[in-house]
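Trainee: I would like to learn how to read a few features of a model. Please go through them one at a time.

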Amino acid sequence: GESDASDDEEESDPNDDTIVHSDSNFSVGDATDHPAMVWESGDAAAQGISTTQATISLVIVIVGAGIMALPMLPKQGGINAVFLLTIFAAVAVSEAAGSFYKANWAWNRTQKTQLRTFEDFGVAALGKPGGIIVRCVQIGWYMGACSGFIVLMANMLHGLFGISYLVCVGTLAPLLWFLCMLRNLTAVAKLVPVAVIGALGSAVLIIVSSTKAQHVWMSWSDEDIEKVHSFGIQGFLPLGSVTATLLGAYSVMGSVPPILNEMKKPKGFPTAIKFAIIAAATIYLCVIAFGYWGFGNFIQADIRRSMARFPANATEAFGVPASHWTGESDRLLPAVMSCCVLTNLLISYPLCMMSIFVSIQGLWCAMAACQPGQFRNYMMRSTFVLVTVLIAMAVPNFGVLFAVFASIGGPVQGLFLPILFGALIRKKIGAKGSSPLRWFFHAVILIFGLFGISFGLVDSLGNLLECFGT
(Lines give C-alpha, C1' and ligand atoms only; values in the text may rest on other atoms or scores of the structure.)
Protein backbone atom coordinates (compact mmCIF):
# COMPACT_ATOMS: atom_id res chain seq x y z
CA GLY A 1 0.00 0.00 0.00
CA GLU A 2 0.89 3.67 0.05
CA SER A 3 0.91 6.02 2.99
CA ASP A 4 -0.33 9.60 2.61
CA ALA A 5 2.24 12.25 1.94
CA SER A 6 1.34 13.79 5.29
CA ASP A 7 2.95 10.82 7.03
CA ASP A 8 6.33 11.61 5.53
CA GLU A 9 8.52 13.56 7.94
CA GLU A 10 11.54 14.12 5.69
CA GLU A 11 12.60 17.71 5.12
CA SER A 12 14.30 18.64 1.87
CA ASP A 13 16.18 21.65 0.60
CA PRO A 14 13.96 24.50 -0.53
CA ASN A 15 13.03 24.18 -4.16
CA ASP A 16 14.80 26.55 -6.50
CA ASP A 17 11.74 27.22 -8.65
CA THR A 18 9.88 30.36 -7.66
CA ILE A 19 6.15 29.87 -7.39
CA VAL A 20 4.40 32.88 -8.93
CA HIS A 21 0.80 32.71 -7.77
CA SER A 22 -1.74 33.37 -10.48
CA ASP A 23 -4.32 34.92 -8.19
CA SER A 24 -3.84 38.60 -7.50
CA ASN A 25 -5.92 39.55 -4.46
CA PHE A 26 -8.90 40.34 -6.66
CA SER A 27 -12.50 39.90 -5.63
CA VAL A 28 -14.04 36.45 -5.73
CA GLY A 29 -14.89 36.94 -9.38
CA ASP A 30 -11.30 37.66 -10.33
CA ALA A 31 -9.67 34.99 -8.23
CA THR A 32 -9.29 31.29 -8.73
CA ASP A 33 -11.99 30.35 -6.23
CA HIS A 34 -14.88 31.31 -8.50
CA PRO A 35 -16.89 28.22 -9.46
CA ALA A 36 -17.11 26.30 -6.24
CA MET A 37 -16.74 28.79 -3.44
CA VAL A 38 -20.33 29.34 -2.43
CA TRP A 39 -19.35 29.62 1.22
CA GLU A 40 -17.47 32.93 1.09
CA SER A 41 -19.66 34.72 3.65
CA GLY A 42 -20.16 34.28 7.37
CA ASP A 43 -18.27 31.85 9.59
CA ALA A 44 -17.17 29.63 6.69
CA ALA A 45 -15.13 32.47 5.21
CA ALA A 46 -13.27 33.02 8.47
CA GLN A 47 -12.85 29.43 9.58
CA GLY A 48 -12.75 27.52 6.31
CA ILE A 49 -15.20 25.02 4.89
CA SER A 50 -16.00 21.59 6.25
CA THR A 51 -15.53 18.30 4.44
CA THR A 52 -19.27 18.22 3.70
CA GLN A 53 -19.17 21.71 2.23
CA ALA A 54 -16.11 20.74 0.18
CA THR A 55 -17.98 17.70 -1.14
CA ILE A 56 -20.93 19.87 -2.19
CA SER A 57 -18.56 22.36 -3.83
CA LEU A 58 -16.90 19.58 -5.81
CA VAL A 59 -20.26 18.21 -6.96
CA ILE A 60 -21.21 21.74 -8.05
CA VAL A 61 -18.02 21.95 -10.11
CA ILE A 62 -18.35 18.52 -11.73
CA VAL A 63 -22.04 18.33 -12.60
CA GLY A 64 -22.84 20.79 -15.37
CA ALA A 65 -23.40 21.09 -19.08
CA GLY A 66 -21.64 17.77 -19.74
CA ILE A 67 -24.93 16.09 -18.77
CA MET A 68 -26.36 17.14 -22.13
CA ALA A 69 -23.83 15.03 -24.05
CA LEU A 70 -24.29 11.85 -22.02
CA PRO A 71 -27.53 10.27 -23.36
CA MET A 72 -25.97 10.14 -26.86
CA LEU A 73 -22.95 8.11 -25.76
CA PRO A 74 -24.48 4.58 -25.90
CA LYS A 75 -25.49 5.21 -29.51
CA GLN A 76 -21.79 5.79 -30.24
CA GLY A 77 -20.17 3.08 -28.12
CA GLY A 78 -22.83 0.60 -26.99
CA ILE A 79 -24.57 0.69 -23.62
CA ASN A 80 -22.43 -2.01 -21.95
CA ALA A 81 -19.11 -0.35 -22.78
CA VAL A 82 -20.41 3.12 -21.87
CA PHE A 83 -21.51 1.94 -18.43
CA LEU A 84 -18.09 0.43 -17.73
CA LEU A 85 -16.26 3.49 -19.05
CA THR A 86 -18.43 5.82 -16.95
CA ILE A 87 -17.49 3.92 -13.80
CA PHE A 88 -13.79 3.59 -14.66
CA ALA A 89 -13.53 7.26 -15.63
CA ALA A 90 -14.92 8.16 -12.20
CA VAL A 91 -12.36 5.94 -10.47
CA ALA A 92 -9.53 7.34 -12.62
CA VAL A 93 -10.39 11.00 -11.95
CA SER A 94 -10.76 10.32 -8.21
CA GLU A 95 -7.37 8.60 -8.11
CA ALA A 96 -5.71 11.42 -10.07
CA ALA A 97 -7.17 14.02 -7.71
CA GLY A 98 -5.76 11.97 -4.84
CA SER A 99 -2.32 12.13 -6.46
CA PHE A 100 -2.62 15.90 -6.66
CA TYR A 101 -3.63 16.09 -2.99
CA LYS A 102 -0.69 14.00 -1.76
CA ALA A 103 1.88 15.99 -3.71
CA ASN A 104 0.29 19.31 -2.76
CA TRP A 105 0.19 18.34 0.91
CA ALA A 106 3.80 17.14 0.90
CA TRP A 107 5.03 20.34 -0.76
CA ASN A 108 3.12 22.74 1.50
CA ARG A 109 4.40 20.97 4.61
CA THR A 110 8.05 21.15 3.64
CA GLN A 111 8.56 24.20 1.42
CA LYS A 112 8.56 27.93 2.12
CA THR A 113 6.37 28.72 -0.89
CA GLN A 114 2.82 27.39 -0.85
CA LEU A 115 0.90 25.84 -3.75
CA ARG A 116 -2.42 27.65 -4.08
CA THR A 117 -3.39 27.07 -7.73
CA PHE A 118 -3.12 24.38 -10.38
CA GLU A 119 -0.55 26.54 -12.16
CA ASP A 120 1.57 26.68 -8.99
CA PHE A 121 1.43 22.89 -9.06
CA GLY A 122 2.87 22.88 -12.59
CA VAL A 123 5.65 25.30 -11.64
CA ALA A 124 6.57 23.14 -8.65
CA ALA A 125 6.87 20.10 -10.91
CA LEU A 126 8.71 21.48 -13.95
CA GLY A 127 9.42 25.13 -13.25
CA LYS A 128 8.07 27.77 -15.63
CA PRO A 129 7.45 25.22 -18.46
CA GLY A 130 5.19 23.27 -16.10
CA GLY A 131 3.20 26.39 -15.30
CA ILE A 132 2.86 27.19 -19.00
CA ILE A 133 1.63 23.66 -19.76
CA VAL A 134 -1.04 23.87 -17.07
CA ARG A 135 -2.03 27.37 -18.17
CA CYS A 136 -2.38 26.38 -21.85
CA VAL A 137 -4.40 23.25 -21.06
CA GLN A 138 -6.70 25.19 -18.75
CA ILE A 139 -7.26 27.97 -21.27
CA GLY A 140 -7.91 25.52 -24.12
CA TRP A 141 -10.34 23.46 -22.06
CA TYR A 142 -12.35 26.43 -20.80
CA MET A 143 -12.47 27.93 -24.30
CA GLY A 144 -14.01 24.72 -25.61
CA ALA A 145 -16.41 24.40 -22.70
CA CYS A 146 -17.61 28.00 -23.02
CA SER A 147 -18.07 27.62 -26.78
CA GLY A 148 -20.20 24.57 -26.05
CA PHE A 149 -22.22 26.59 -23.54
CA ILE A 150 -23.11 29.06 -26.29
CA VAL A 151 -24.17 26.22 -28.60
CA LEU A 152 -26.49 24.83 -25.93
CA MET A 153 -27.95 28.22 -25.06
CA ALA A 154 -28.56 29.05 -28.72
CA ASN A 155 -30.28 25.71 -29.29
CA MET A 156 -32.49 26.31 -26.26
CA LEU A 157 -33.46 29.79 -27.53
CA HIS A 158 -34.16 28.32 -30.95
CA GLY A 159 -36.49 25.78 -29.38
CA LEU A 160 -38.30 28.41 -27.30
CA PHE A 161 -38.80 31.08 -29.94
CA GLY A 162 -38.23 29.38 -33.30
CA ILE A 163 -35.66 31.93 -34.50
CA SER A 164 -32.61 30.76 -36.43
CA TYR A 165 -29.58 29.37 -34.64
CA LEU A 166 -27.20 32.09 -35.83
CA VAL A 167 -29.62 34.82 -34.73
CA CYS A 168 -29.76 33.17 -31.30
CA VAL A 169 -25.96 33.17 -31.05
CA GLY A 170 -25.88 36.81 -32.13
CA THR A 171 -28.50 37.67 -29.51
CA LEU A 172 -26.54 35.97 -26.75
CA ALA A 173 -23.19 37.51 -27.66
CA PRO A 174 -23.75 41.05 -26.26
CA LEU A 175 -25.17 39.71 -22.98
CA LEU A 176 -22.27 37.29 -22.50
CA TRP A 177 -19.78 40.02 -23.38
CA PHE A 178 -21.33 42.34 -20.77
CA LEU A 179 -21.14 39.66 -18.06
CA CYS A 180 -17.48 39.02 -18.87
CA MET A 181 -16.63 42.74 -18.65
CA LEU A 182 -17.64 42.90 -14.97
CA ARG A 183 -14.63 43.30 -12.67
CA ASN A 184 -16.46 41.80 -9.73
CA LEU A 185 -18.38 38.57 -10.25
CA THR A 186 -19.12 38.01 -6.58
CA ALA A 187 -22.86 38.34 -7.11
CA VAL A 188 -22.75 35.93 -10.06
CA ALA A 189 -20.62 33.46 -8.09
CA LYS A 190 -23.24 33.39 -5.33
CA LEU A 191 -25.77 32.20 -7.93
CA VAL A 192 -23.78 29.03 -8.62
CA PRO A 193 -26.18 26.86 -6.55
CA VAL A 194 -28.98 28.13 -8.80
CA ALA A 195 -26.94 27.03 -11.82
CA VAL A 196 -26.52 23.58 -10.29
CA ILE A 197 -30.27 23.35 -9.69
CA GLY A 198 -30.66 24.11 -13.39
CA ALA A 199 -28.20 21.34 -14.32
CA LEU A 200 -29.86 18.80 -12.03
CA GLY A 201 -33.26 19.91 -13.28
CA SER A 202 -32.09 19.18 -16.82
CA ALA A 203 -31.06 15.68 -15.76
CA VAL A 204 -34.45 15.04 -14.14
CA LEU A 205 -36.31 16.32 -17.21
CA ILE A 206 -34.28 14.07 -19.52
CA ILE A 207 -35.17 11.08 -17.34
CA VAL A 208 -38.88 12.00 -17.21
CA SER A 209 -39.15 12.63 -20.95
CA SER A 210 -37.25 9.49 -21.92
CA THR A 211 -39.49 7.43 -19.64
CA LYS A 212 -42.51 8.79 -21.51
CA ALA A 213 -40.83 7.95 -24.83
CA GLN A 214 -40.59 4.22 -24.10
CA HIS A 215 -44.15 3.51 -25.20
CA VAL A 216 -43.29 4.83 -28.68
CA TRP A 217 -41.15 1.85 -29.62
CA MET A 218 -42.48 -0.88 -27.33
CA SER A 219 -45.31 -1.67 -29.77
CA TRP A 220 -43.01 -2.00 -32.79
CA SER A 221 -42.11 -5.32 -34.37
CA ASP A 222 -39.34 -7.37 -32.77
CA GLU A 223 -37.09 -6.64 -35.73
CA ASP A 224 -37.50 -2.89 -35.29
CA ILE A 225 -37.13 -3.07 -31.51
CA GLU A 226 -33.73 -4.72 -31.98
CA LYS A 227 -32.60 -1.56 -33.79
CA VAL A 228 -33.56 0.72 -30.92
CA HIS A 229 -30.59 -0.08 -28.66
CA SER A 230 -26.93 -0.96 -29.21
CA PHE A 231 -25.42 -3.16 -26.53
CA GLY A 232 -22.09 -4.30 -27.97
CA ILE A 233 -18.98 -2.26 -28.76
CA GLN A 234 -19.47 -0.12 -31.87
CA GLY A 235 -15.75 0.29 -32.62
CA PHE A 236 -12.60 1.62 -30.97
CA LEU A 237 -12.79 5.09 -32.50
CA PRO A 238 -16.27 5.80 -31.07
CA LEU A 239 -15.14 4.43 -27.70
CA GLY A 240 -12.27 6.92 -27.74
CA SER A 241 -14.71 9.76 -28.25
CA VAL A 242 -16.93 8.38 -25.47
CA THR A 243 -13.91 8.19 -23.13
CA ALA A 244 -12.95 11.79 -23.89
CA THR A 245 -16.49 13.04 -23.32
CA LEU A 246 -16.74 11.26 -19.97
CA LEU A 247 -13.39 12.62 -18.78
CA GLY A 248 -14.57 16.07 -19.81
CA ALA A 249 -17.83 15.58 -17.92
CA TYR A 250 -15.87 14.65 -14.77
CA SER A 251 -13.49 17.61 -15.17
CA VAL A 252 -12.69 19.02 -11.73
CA MET A 253 -8.94 19.60 -11.37
CA GLY A 254 -9.01 23.33 -12.09
CA SER A 255 -11.16 23.88 -9.00
CA VAL A 256 -9.48 21.39 -6.66
CA PRO A 257 -6.73 23.75 -5.38
CA PRO A 258 -9.04 26.58 -4.21
CA ILE A 259 -11.41 24.12 -2.55
CA LEU A 260 -8.52 22.32 -0.84
CA ASN A 261 -7.08 25.64 0.35
CA GLU A 262 -10.41 26.66 1.90
CA MET A 263 -10.90 23.46 3.90
CA LYS A 264 -10.66 23.64 7.69
CA LYS A 265 -9.21 20.13 7.69
CA PRO A 266 -7.44 19.44 4.36
CA LYS A 267 -6.98 15.80 5.37
CA GLY A 268 -10.69 15.42 4.68
CA PHE A 269 -10.18 16.13 0.97
CA PRO A 270 -9.79 12.47 -0.11
CA THR A 271 -13.17 11.72 1.47
CA ALA A 272 -14.72 14.79 -0.16
CA ILE A 273 -13.51 13.98 -3.67
CA LYS A 274 -14.55 10.34 -3.42
CA PHE A 275 -18.10 11.16 -2.32
CA ALA A 276 -18.34 13.94 -4.93
CA ILE A 277 -17.26 11.59 -7.72
CA ILE A 278 -19.66 8.90 -6.52
CA ALA A 279 -22.51 11.43 -6.54
CA ALA A 280 -21.60 12.66 -10.02
CA ALA A 281 -21.21 9.12 -11.36
CA THR A 282 -24.63 8.15 -9.97
CA ILE A 283 -26.26 11.13 -11.69
CA TYR A 284 -24.44 10.42 -14.95
CA LEU A 285 -25.35 6.73 -14.97
CA CYS A 286 -29.02 7.56 -14.39
CA VAL A 287 -29.05 10.11 -17.22
CA ILE A 288 -27.29 7.69 -19.58
CA ALA A 289 -29.45 4.69 -18.67
CA PHE A 290 -32.86 6.39 -18.69
CA GLY A 291 -32.09 8.82 -21.50
CA TYR A 292 -30.80 6.20 -23.89
CA TRP A 293 -33.32 3.52 -22.94
CA GLY A 294 -36.20 5.84 -23.72
CA PHE A 295 -34.92 7.57 -26.85
CA GLY A 296 -32.69 4.75 -28.10
CA ASN A 297 -30.76 5.08 -31.33
CA PHE A 298 -33.19 7.65 -32.69
CA ILE A 299 -31.97 10.15 -30.06
CA GLN A 300 -31.05 13.56 -31.51
CA ALA A 301 -27.80 15.49 -31.02
CA ASP A 302 -29.97 18.29 -29.58
CA ILE A 303 -31.83 16.24 -26.99
CA ARG A 304 -34.50 18.92 -26.70
CA ARG A 305 -35.69 17.81 -30.15
CA SER A 306 -36.05 14.25 -28.91
CA MET A 307 -38.11 15.54 -26.01
CA ALA A 308 -40.29 17.82 -28.17
CA ARG A 309 -41.66 15.25 -30.64
CA PHE A 310 -41.55 11.46 -30.95
CA PRO A 311 -41.48 9.44 -34.18
CA ALA A 312 -44.80 7.89 -35.19
CA ASN A 313 -43.20 4.59 -36.20
CA ALA A 314 -39.86 2.88 -36.83
CA THR A 315 -39.70 4.14 -40.41
CA GLU A 316 -39.80 7.73 -39.16
CA ALA A 317 -37.42 7.01 -36.29
CA PHE A 318 -34.62 5.64 -38.45
CA GLY A 319 -35.27 7.17 -41.85
CA VAL A 320 -36.86 10.60 -41.46
CA PRO A 321 -35.30 13.79 -40.00
CA ALA A 322 -36.66 14.67 -36.57
CA SER A 323 -38.10 17.92 -37.92
CA HIS A 324 -40.53 15.81 -40.00
CA TRP A 325 -41.67 13.38 -37.29
CA THR A 326 -45.44 13.16 -36.90
CA GLY A 327 -45.78 11.37 -33.56
CA GLU A 328 -46.80 12.76 -30.17
CA SER A 329 -45.47 16.17 -29.23
CA ASP A 330 -44.64 17.72 -25.88
CA ARG A 331 -44.15 21.47 -25.48
CA LEU A 332 -43.96 21.74 -21.70
CA LEU A 333 -40.93 19.58 -20.86
CA PRO A 334 -38.69 20.98 -23.64
CA ALA A 335 -39.64 24.54 -22.60
CA VAL A 336 -38.80 23.88 -18.94
CA MET A 337 -35.61 22.14 -20.07
CA SER A 338 -34.60 25.19 -22.09
CA CYS A 339 -35.13 27.44 -19.07
CA CYS A 340 -33.05 25.14 -16.85
CA VAL A 341 -30.17 25.04 -19.34
CA LEU A 342 -30.24 28.80 -19.92
CA THR A 343 -30.26 29.47 -16.17
CA ASN A 344 -27.32 27.13 -15.65
CA LEU A 345 -25.16 28.37 -18.50
CA LEU A 346 -25.78 32.11 -18.22
CA ILE A 347 -24.24 31.81 -14.76
CA SER A 348 -21.54 29.28 -15.68
CA TYR A 349 -20.24 31.02 -18.82
CA PRO A 350 -18.76 34.19 -17.23
CA LEU A 351 -17.36 32.22 -14.29
CA CYS A 352 -15.55 29.75 -16.55
CA MET A 353 -14.33 32.56 -18.79
CA MET A 354 -12.92 34.22 -15.66
CA SER A 355 -10.55 31.24 -15.35
CA ILE A 356 -9.11 32.20 -18.73
CA PHE A 357 -8.87 35.87 -17.79
CA VAL A 358 -7.10 35.12 -14.52
CA SER A 359 -4.59 32.89 -16.32
CA ILE A 360 -3.79 35.65 -18.81
CA GLN A 361 -3.63 38.31 -16.09
CA GLY A 362 -1.15 36.12 -14.20
CA LEU A 363 1.38 36.11 -17.07
CA TRP A 364 4.53 38.10 -16.35
CA CYS A 365 3.99 40.15 -19.51
CA ALA A 366 0.47 41.08 -18.39
CA MET A 367 1.16 41.88 -14.75
CA ALA A 368 1.46 45.62 -15.33
CA ALA A 369 -0.60 46.41 -18.41
CA CYS A 370 -3.46 43.89 -18.48
CA GLN A 371 -5.07 44.00 -15.06
CA PRO A 372 -8.82 44.47 -14.41
CA GLY A 373 -10.01 47.96 -15.25
CA GLN A 374 -7.30 48.61 -17.84
CA PHE A 375 -8.10 49.01 -21.55
CA ARG A 376 -5.92 46.07 -22.61
CA ASN A 377 -7.72 43.86 -20.12
CA TYR A 378 -11.09 44.73 -21.66
CA MET A 379 -9.67 44.04 -25.12
CA MET A 380 -8.27 40.70 -24.00
CA ARG A 381 -11.61 39.67 -22.51
CA SER A 382 -13.52 40.84 -25.57
CA THR A 383 -11.21 38.82 -27.84
CA PHE A 384 -11.75 35.58 -25.95
CA VAL A 385 -15.53 36.10 -25.85
CA LEU A 386 -15.49 36.73 -29.61
CA VAL A 387 -13.52 33.51 -30.24
CA THR A 388 -16.03 31.42 -28.29
CA VAL A 389 -18.89 33.02 -30.23
CA LEU A 390 -17.20 32.30 -33.58
CA ILE A 391 -16.55 28.67 -32.59
CA ALA A 392 -20.20 28.27 -31.60
CA MET A 393 -21.30 29.73 -34.94
CA ALA A 394 -19.05 27.32 -36.84
CA VAL A 395 -19.97 24.15 -34.87
CA PRO A 396 -23.64 24.07 -33.80
CA ASN A 397 -23.42 20.49 -32.47
CA PHE A 398 -22.67 20.49 -28.73
CA GLY A 399 -21.79 16.80 -28.49
CA VAL A 400 -19.21 17.01 -31.28
CA LEU A 401 -17.72 20.28 -30.02
CA PHE A 402 -17.52 19.02 -26.43
CA ALA A 403 -15.81 15.78 -27.54
CA VAL A 404 -13.17 17.63 -29.60
CA PHE A 405 -12.00 19.79 -26.70
CA ALA A 406 -12.52 17.05 -24.11
CA SER A 407 -10.30 14.63 -26.07
CA ILE A 408 -7.32 16.80 -25.09
CA GLY A 409 -8.47 18.73 -22.04
CA GLY A 410 -10.15 15.83 -20.23
CA PRO A 411 -7.27 13.31 -20.14
CA VAL A 412 -4.44 15.86 -19.85
CA GLN A 413 -6.01 18.05 -17.18
CA GLY A 414 -7.82 15.31 -15.30
CA LEU A 415 -5.29 12.46 -15.41
CA PHE A 416 -1.84 13.18 -16.83
CA LEU A 417 -0.98 16.41 -15.04
CA PRO A 418 -2.04 15.45 -11.50
CA ILE A 419 -0.47 11.97 -11.68
CA LEU A 420 2.79 12.77 -13.46
CA PHE A 421 3.40 16.21 -11.99
CA GLY A 422 2.43 14.89 -8.57
CA ALA A 423 5.06 12.15 -8.85
CA LEU A 424 7.70 14.69 -9.93
CA ILE A 425 6.93 16.97 -6.99
CA ARG A 426 7.08 14.18 -4.44
CA LYS A 427 10.38 12.97 -5.88
CA LYS A 428 11.81 16.50 -5.93
CA ILE A 429 11.15 17.15 -2.24
CA GLY A 430 12.02 13.66 -1.07
CA ALA A 431 8.52 12.61 -0.07
CA LYS A 432 7.58 8.95 -0.17
CA GLY A 433 6.38 7.89 -3.61
CA SER A 434 3.72 5.47 -4.75
CA SER A 435 4.03 1.73 -4.27
CA PRO A 436 4.68 -0.52 -7.31
CA LEU A 437 1.08 -1.75 -7.20
CA ARG A 438 -0.22 1.82 -7.22
CA TRP A 439 2.10 2.78 -10.06
CA PHE A 440 0.73 -0.14 -12.05
CA PHE A 441 -2.77 1.20 -11.48
CA HIS A 442 -1.60 4.68 -12.48
CA ALA A 443 -0.10 3.22 -15.65
CA VAL A 444 -3.48 1.68 -16.50
CA ILE A 445 -5.13 5.06 -15.90
CA LEU A 446 -2.60 6.84 -18.13
CA ILE A 447 -3.16 4.29 -20.90
CA PHE A 448 -6.89 4.92 -20.50
CA GLY A 449 -6.24 8.66 -20.88
CA LEU A 450 -3.99 8.10 -23.88
CA PHE A 451 -6.78 6.07 -25.49
CA GLY A 452 -9.14 9.00 -24.98
CA ILE A 453 -6.63 11.43 -26.52
CA SER A 454 -5.68 9.36 -29.57
CA PHE A 455 -8.86 7.54 -30.59
CA GLY A 456 -11.10 10.24 -29.14
CA LEU A 457 -9.42 13.05 -31.06
CA VAL A 458 -9.48 11.14 -34.34
CA ASP A 459 -13.16 10.21 -33.96
CA SER A 460 -14.29 13.64 -32.76
CA LEU A 461 -12.39 15.41 -35.54
CA GLY A 462 -14.04 13.06 -38.04
CA ASN A 463 -17.43 13.96 -36.61
CA LEU A 464 -16.46 17.62 -36.76
CA LEU A 465 -15.64 17.34 -40.45
CA GLU A 466 -19.02 15.68 -41.02
CA CYS A 467 -20.67 18.71 -39.37
CA PHE A 468 -18.88 21.03 -41.77
CA GLY A 469 -19.84 18.73 -44.65
CA THR A 470 -23.53 19.00 -43.80
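Trainee: Where does I163 lie?

Mentor: Helices here are DSSP runs (H or I, at least four residues; strands are E, at least two), numbered from the N terminus. I163 lies in the loop between α6 (128–161) and α7 (165–181). As to sources, this is a predicted model, in which local features need pLDDT of at least 70, side-chain atom pairs count only at pLDDT 80 or more, and totals for chains, interfaces and linings use all residues. Residues are numbered from 1 along each chain as its sequence is written, and side-chain values use heavy atoms, with hydrogens and water left out.

Trainee: What is the average pLDDT of the protein chain?

Mentor: pLDDT is the predictor's confidence in each residue, from 0 to 100. The protein chain averages 86, and 90% of the residues score at least 70. Over residues 1–46 pLDDT stays under 50. For that stretch the model has 119 contacts (heavy atoms within 4.5 Å) beyond four places in sequence.

Trainee: Is K102 buried or exposed?

Mentor: Buried means under 20% relative accessible area, exposed over 50%, and partly exposed in between (1.4 Å probe, protein chains only). K102 has 9% relative accessibility, so K102 counts as buried. Its place is in helix α4. From K102 to A423 the C-alpha distance is 9.3 Å, although the two are 321 residues apart in sequence. I163, by contrast, has a relative accessible area of 34% and is therefore partly exposed.

Trainee: How many aromatic pairs are there?

Mentor: Rings of Phe, Tyr and Trp (its six-membered ring) pair if their centres lie within 6.5 Å; planes under 30 degrees apart count as stacked, over 60 as edge-to-face and the rest as tilted. The count by this rule is 16 aromatic pairs. One of them is the tilted pair of F100 and F121, at 4.4 Å centre to centre with 45° between the planes. This pair links distant parts of the chain, since F100 is in helix α4 (residues 79–110) and F121 in helix α5 (residues 118–126), 21 residues apart. Both F100 and F121 are buried.

Trainee: Why is the pair of W220 and F318 edge-to-face?

Mentor: Their planes stand at 70°, with the ring centres 6.1 Å apart, so the pair is edge-to-face. W220 is in the loop between α9 (192–218) and α10 (222–228), and F318 is in helix α15 (residues 314–319), 98 residues apart. W220 is buried at a relative accessible area of 11%, whereas F318, at 35%, is partly exposed. Ring pairs also link W220, F298, F318 and W325 into a cluster.
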